[in-house]
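Here's a quick briefing to read alongside the model on your screen. Take a look around it, then work through the points by topic.

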Amino acid sequence: MTTSSTTTSTTSSTSSSSITSTTSSSSTTSSTSSSSTASSTSTTTTTETTITFTPSGIYALKIPTCATWNQTGITVAGNANGTAGSDLGSLRGPVSIFVDNNNTLYVCDRSNNRIMKYYANTNTGIVVAGNLTAGNSSSQLKLPKGVAVDQYGAIIVADSSNYRIQRFPFGSTVATTIAKNSSSNLLGQIRDLHIDVNNNIYVTDSDYNQIVKYYPNSGIGVILAPTNGAGSGADQVNAPFGNFVDGNQTLYIADSGNQRVQMWAVGATSGVTIAGVAGVAGSNLTLLNNPNAVIVDNNGYIYVADGNNDRIVKWTTNYTAGGICVVGCTGSTGVANNQFNGVRDLKFDTQGNLYVTDQQNYRIQKFMIQLPTSGCPTSGGKFQLKPGQFTDDGSMALCLSIALLDNENNIHSSIKQMNLYRRWYENGYLSSNGECFDIGITVRIALNKFISNSDQSETAYYGNTSDKASGNGSLMRLAPIALLYYQDPSHAVTEAMNSSKTTHASILCLDSCRIYTVLIIGALQGFSKDDLLNTDQVFVPNGLPNDYWINNPLDADVFKVINGSYKQLNPPEIKASGFVIETMEAALWAFYHTNSFEEGALKAVNLGNDADTVGAIYGMLAGAFYGIDSIPNEWKEKCYFNDLVQTISDELFRQSQIRTNVSVVYKKLLEVYDDLAKFYSGTIKRRVLPCPKQYKSMVEFNEDIQQLHSIYESVLKPLDEDQEMITNEEKQLIFNRSKTILKQFLILIEDDKHSLTIKWLRNVNPFSQKK
């Protein structure tokens, strides 16, 4: 089940001292004032004197949450073939990099003892500090390892082997010394240097295993971390490399020797591990291997240069879920344009493009940001949904769950399913906003047939058998069947087809439901992604006969997808359409090409078009494969009617172990929801809309809200009187979850109240006028 999506844009201002990015609906574009001047000039000259100066330095890093990056890098400095050199088109041992607000790139070319500057759209550099000869004069450098540019255009250099920090004023190749090693200021070899918006300088001192802050105009540093010397404790670091300080002055350290990234709040005496595992090097996405640099964006997402794994990894704010590979995801070292050989540093430009120091390939690679044409998914859309409100996919899956769990009478399951779909269709039952919306044409036609014939049939199979009616409406709600019957795959496959027949009876829909049920069950059984997506033979889970697919072959179009069509294609060939084959192909594409639930979900919904359904179908398989803990907490917390969804999920799991009477918690929570939903949709929602009984005053509206509270209390009152049939723990769980269900309805009612108020202010209530 997924939430809705729509376009969101981030607009920022431009000033002479800082420029931030602007995200449009189709791409991310930067301010054009001085950056366009620099870019266009650099294509015709290699001298700085023609460049109109605009203060450079730090800009507000704004990366859209849905951003991904092209996996093919562009060499913007150094030689693409991985060879070293000392000419203006080559590098020798590049380490730290910096990108200013004009998208100008600065490279600390360590082994050439110089700082190189590259304007946008050119890979021929300009020497702006140092030269090929190592030395300790004010115009020389010796194996520098860090570079940054302040708001005045001055270049700040960590002159590592001279044990000093140098400042080269804009346009000058002669530096002044900011800080140096002395008896009053112990300064060892600096591995990295970071500058904040206030021109404070933060250096990683590798000799003394510490992060030191230098205020402007002060040559004496302040030790920020660690507080207990070198080691692996929370208050220690071991061979740290990169550091980063965010807008809250929180310090992040790439604690390389401890294989982790540490976060130190202002004034903290110890750090918190937010990426990697202390002392454990590895290549899976929960581990790091010599992290060399770290950056944190405006969302709190952490980007790490995972040195020996030759990749850039992203951690969201759900730190325990592990990382997401951003670029360098091949799992191998090399010189190809999608590979690295020793990742040393990373930076973003104002557009969100990613720059990576590919150290042993002697080059800097640029990876272009990718955003969906409709912008990032947040909320709204054509149905104006809020974050966490699910669409028809979620509503129908919940209806199907409840129908499957109902074993109290002899009514055929297909009729139970269609009766619940009808309640959703007519009254908004189990909808996230209290009304039916986004219903598919094929589903609507089947439901109308059912409504017309509901008293005449023992079953309710009203799906169209034509291939032209092969929408994704039955596949999108499939998950409850696989969850409930995963221990009996043969029965699960049969039920998947029967469930599809209620609304979608074409062979394409039936076979898509069959194979996808099998894949979900395989994920629940713990099979690897390679097993599930094996193209040598169609996957068979434990419990399904080995010759099942031989005796029950898939339709050719379905088999083409399962045989790996999604592995070779990319958008626009991958489509998020309403056609079941293309939808399943898109979902498997997102699952195959990513390594975490979140990464795949973003990839799926960012295809646009029928984004919610592609996301839902992806989520069924990915959720079974990665587990619930892999889903970001903020996503789960925002889900509407979250506790009701959790209760239904709990009951599906309980009944999957042994079919018995439903639990008292499930039964009572469903009763609470049903009674509140009937009054809300049948009275409050109906009276908000134009009708003879539409609310004419807030007094009437508030009276019905009080009635809703009374219904809530009357449903729960028997719990206080029943001391034998329910435990205190169950009782408390019912009270807590019921309270959140009531709260969710009250949130919907607040929206209705707002709508009413607007109508009254505009005097559009036709029943408020005397005639």
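Is the disulfide of C325 and C329 left-handed or right-handed? The torsion about its S-S bond is about -105°, so the disulfide is left-handed. Keep in mind that you're looking at a predicted model. In that model, the protein has 18 helices and 28 strands.

**The big picture**

- Of the 771 residues in the protein, 55% are buried.
- Take the contacts with a separation of 6 or more: residues 24 or more positions apart account for 60% of them.
- Residues 82-121 are 0% helix and 40% strand, with 20 Å between the end C-alpha atoms.
- Residues 140-171 are 0% helix and 44% strand, and here the end C-alpha atoms are 15 Å apart.

**The cysteines**

- A disulfide is a covalent bond between the sulfur atoms of two cysteines.
- The count for this protein comes to one disulfide, and it's formed by C325 and C329, whose sulfur atoms are 2.1 Å apart.
- What about the burial of those two partners? C325 has a relative accessible area of 6%, so it's buried, while C329, with 33%, is partly exposed.
- C509 is in no disulfide, and the nearest cysteine sulfur, in C513, is 6.7 Å away. C509 counts as buried because its relative accessibility is 1%.
- C399 has its closest cysteine sulfur in C436, but the distance is 9.5 Å, which is too far for a bond. With 0% relative accessibility, C399 counts as buried.

**V326, in a strand**

- V326 sits in strand β24, which runs over residues 324-327.
- Its relative accessibility is 6%, so V326 counts as buried.
- Which residues does V326 touch, if you skip those up to four places away in sequence? They are W69, Q71, Y303, I312, V313, K314 and L354.
- V326 and N70 are 256 residues apart along the chain, yet their C-alpha atoms are separated by 8.9 Å.

**S256, in a loop**

- You'll find S256 in the loop between β18 (251-255) and β19 (260-264).
- S256 counts as buried because its relative accessibility is 4%.
- Leaving out residues up to four places away in sequence, S256 touches N238, A239, P240, F241, N290, P291 and N292.

**The annotated binding site**

- The unreviewed UniProt entry places a "binding site" feature at T391, D392, D393, D610, D612 and T613.
- These positions are spread over 223 residues of sequence, but they cluster in space, with a largest C-alpha distance of 11.5 Å.
- T391 lies in the loop between β28 (369-370) and α2 (392-405). It has a relative accessible area of 4%, so T391 is buried.
- The side chains of T391 and D393 are joined by a polar contact of 2.8 Å.
- D392 is part of helix α2, and it's buried, with a relative accessible area of 6%.
- Setting aside neighbours within four places in sequence, D392 is in contact with W424, F437, D438, I439, G440, M476 and D612.

**Helix α10, step by step**

- How far apart should the ends of α10 be, at 1.5 Å a residue? Its 13 residues (556-568) should span 18 Å, and the end C-alpha atoms are 18 Å apart, which agrees.
- α10 also has a bend, of about 55°, at I562.
- At the start of α10, a side-chain oxygen of D555 comes to within 2.8 Å of the backbone nitrogen of D557.
- The buried residues in α10 are V558, V561, I562, G564, S565, Y566 and K567.
- Here's a handy rule for looking at any such pattern: an α-helix has 3.6 residues a turn, so residues three or four places apart point the same way.
- What covers the buried residues of α10? The cover includes α7 (507-524) and α11 (580-592).

Methods
Residues numbered from 1 in each chain as written. Predicted model: local features only at pLDDT ≥ 70, side-chain atom pairs only at ≥ 80, totals over all residues. Heavy atoms only, no water. Helix = DSSP H or I, 4+ residues; strand = E, 2+ residues; numbered from the N terminus. Expected span 1.5 Å × (residues − 1). Bend = angle between axes of the 7 residues up to and from the residue. Buried < 20%, exposed > 50% of the residue type's maximum accessible area, 1.4 Å probe, protein only. Contact = heavy atoms within 4.5 Å. Polar contact = N/O pair within 3.5 Å; in protein donor to acceptor, adjacent residues only side chain to side chain. Disulfide = S-S within 2.5 Å. UniProt positions renumbered as here; feature names shortened; annotations may be inferred.
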